[in-house]
Amino acid sequence: DLLSPPRGWNVTTTLDLSNNKISRIDSSKFKDQLLLMKLDLSYNEIEMISADALRNMGSLVEIKLGNNKYSCSSTICQFRNWIVSNAEKVRDLENVTCASPPSLAGQRILQMDTSAICRNSTVSHTGFEINTETLIGFLILAGLISVILGFGMLRQRANVGPAAWALYVQSRLA
């Protein structure tokens, strides 16, 4: 695993970590690299890169990710989405390929069919996925709770009992 670069105001703009036998890049590894513009992670043994690690590098203009041992399981989905959104920054896209499982070995991550690996209709959310139906259900529930709380606050403002409140609500709805 890659150790975190030095903390604080790091002024590194180019970082070549190629050929270092790095196996994974976690989300916090580059959080202090505020000025990093070029990063080379090629020719390592990387199986997984956290998409959050790459999202934290807003100044990045060029990156090399090829010739690694990416495991194209469900954990690859957010990384693949980052590659799709930042393809112009990845200088060796043709070499960013799956090493496993055997059925996907050699396939370019950018061109892989994610429907077999990533669940359809998902919204990524730091570390886990929420399917669309769950998200919609949550939003409806939150809306209902807001309405109920709103009516409770109105009732409290009106300072009336339950029977009088029921008559008030009926008159407003009519």
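T14 stands opposite K38 in β3. The model is a predicted one, in which local features need pLDDT of at least 70 and side-chain atom pairs count only at pLDDT 80 or more, while totals for chains, interfaces and linings use all residues. Residues are numbered from 1 along each chain as its sequence is written, and side-chain values use heavy atoms, with hydrogens and water left out.

Q: In what order do the 3 strands of the open sheet stand?
A: Strands here are DSSP runs of E with at least two residues, numbered from the N terminus, and two of them pair if DSSP finds at least two bridges between them. β1 and β3 (residues 38–40) run parallel and are joined by 3 bridges. β1 (14–16) and β5 each have a single partner strand and stand at the edges, so one side of each is left without a neighbour in the sheet. With parallel pairing, the order is β1-β3-β5.

Q: Is E62 buried, partly exposed or exposed?
A: E62 is found in strand β5, which spans residues 62–64. Buried means under 20% relative accessible area and exposed over 50%, with partly exposed in between, for a 1.4 Å probe and protein chains only. Because its relative accessible area is 22%, E62 is partly exposed.

Q: Which residue's side chain does a polar contact of 3.4 Å join to that of E62?
A: Leaving aside residues up to four places away in sequence, E62 touches M37, K38, L39, K89 and R91, where contact means heavy atoms within 4.5 Å. A polar contact is a pair of N or O atoms within 3.5 Å; within protein, one must be able to donate a hydrogen and the other to accept it, and residues adjacent in sequence count only if both atoms are side-chain atoms. The side chain joined to E62 in this way belongs to R91.

Methods
Helices (H or I, at least four residues) and strands (E, at least two) are DSSP runs, numbered from the N terminus.
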